[in-house]
Structure formats: C-alpha cells, structure tokens
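Please open the model in a viewer and keep the selection tool at hand.

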Amino acid sequence: MTRFDLHLHSNNSDGSDTPYELYEKIRKANIEVFALTDHDSVSGISTMKKLIPFDVKFISGIELTSLAKDIKCHILGYNIDENNSELL
C-alpha cells in the first residue's frame with residue numbers, strides 16, 4: 001500500500017520543520033508520495049526538490065489564502081510552477 005501526505009508545511013510558512021527536517025520525517029514515516037503546500041509561499045519547493053530521491057514522488061504545491069465574501073479560506077494547488085511570477 002502506498003503512503004501519501006498531500007498537505008505538508010515547512011517553516012517557510014506555519015510549519016515547524018525546515019524542508020530538510022520535514023523530508024527526514026517523511027522518510028521515517030515511509031511516505032512515498034507527498035506535497036509541500038506552504039501557506040502563500042513557494043520558497044521551500046526548490047530545496048525540497050534537491051532532497052528527494054527518485055523512489056519518492058514529490059508534488060509542488062501551495063496553500064493560497066483567499067476570501068469568499070468575508071470568510072477567509074484556503075485553496076490547495078498542486079503541480080504548480082514555483083517560478084511563476086504571480087506566485088513569487
């Protein structure tokens with residue numbers, strides 16, 4: 001059975017771990033597919049890409065803060081381009 005976690009945060013947003021520390025936890029948990037979805041930030045993606053071996057699937061993600069009328073909500077995006085000027 002493949003283990004997934006598609007909603008992880010590093011200390012580039014509200015997570016407590018650096019991308020390296022987060023990857024170590026992912027490896028120890030035998031997670032094979034994961035997404036880094038920092039809040040309104042893509043700054044951890046390039047670091048994470050350098051850490052990932054070929055047998056682990058990494059999905060570039062983001063958790064965008066938005067407003068729906070006067071209610072704050074979060075929207076998860078996957079397979080994003082971390083070099084997109086609007087995200088930077």
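Strands, as the term is used here, are DSSP runs of E with at least two residues, numbered from the N terminus. The model on display is predicted.

**First stop: Leu-6.** Select Leu-6, which lies in strand β1. Is this residue buried, exposed or partly exposed? Its relative accessible area is 34%; because buried means under 20% and exposed over 50%, Leu-6 counts as partly exposed.

**Contacts of Leu-6.** Next, display the neighbours of Leu-6. With residues up to four places away in sequence set aside, Leu-6 touches Val-33, Phe-34, Ala-35, Thr-37, Ile-59 and Tyr-78.

**The surface patch.** Now select Phe-4, Leu-6, Leu-76 and Tyr-78 and show the surface. Together these residues form a nonpolar patch with about 360 Å² of accessible area. Two elements, β1 (4-8) and β4 (71-78), each give two or more residues to the patch.

Hide the surface and turn to the largest nonpolar core, which has 15 residues. Phe-34, Met-48, Ile-52 and Phe-58 have the most contacts inside this core. At least two core residues come from each of α1 (19-28), β2 (33-36), α2 (45-51) and β3 (57-68), and α1 gives the most, with three residues.

**Last stop: Phe-58.** Finally, select Phe-58. Beyond residues up to four places away in sequence, Phe-58 touches Phe-34, Leu-36, Ile-45, Met-48, Lys-49 and Ile-52.

Terms used: Residues numbered from 1 in each chain as written. Predicted model: local features only at pLDDT ≥ 70, side-chain atom pairs only at ≥ 80, totals over all residues. Heavy atoms only, no water. Patch = residues over 30% accessible without salt bridge, like charges linked within 9 Å, V, L, I, M, F, W, Y side chains within 5 Å. Areas by Shrake-Rupley, 256 points an atom, 1.4 Å probe, with all protein chains shown as cover. Salt bridge = Lys/Arg side-chain N within 4 Å of Asp/Glu carboxyl O. Helix = DSSP H or I, 4+ residues; strand = E, 2+ residues; numbered from the N terminus. Buried < 20%, exposed > 50% of the residue type's maximum accessible area, 1.4 Å probe, protein only. Contact = heavy atoms within 4.5 Å. Core = buried A, V, L, I, M, F, W, Y, C linked by side-chain atoms within 4.5 Å.
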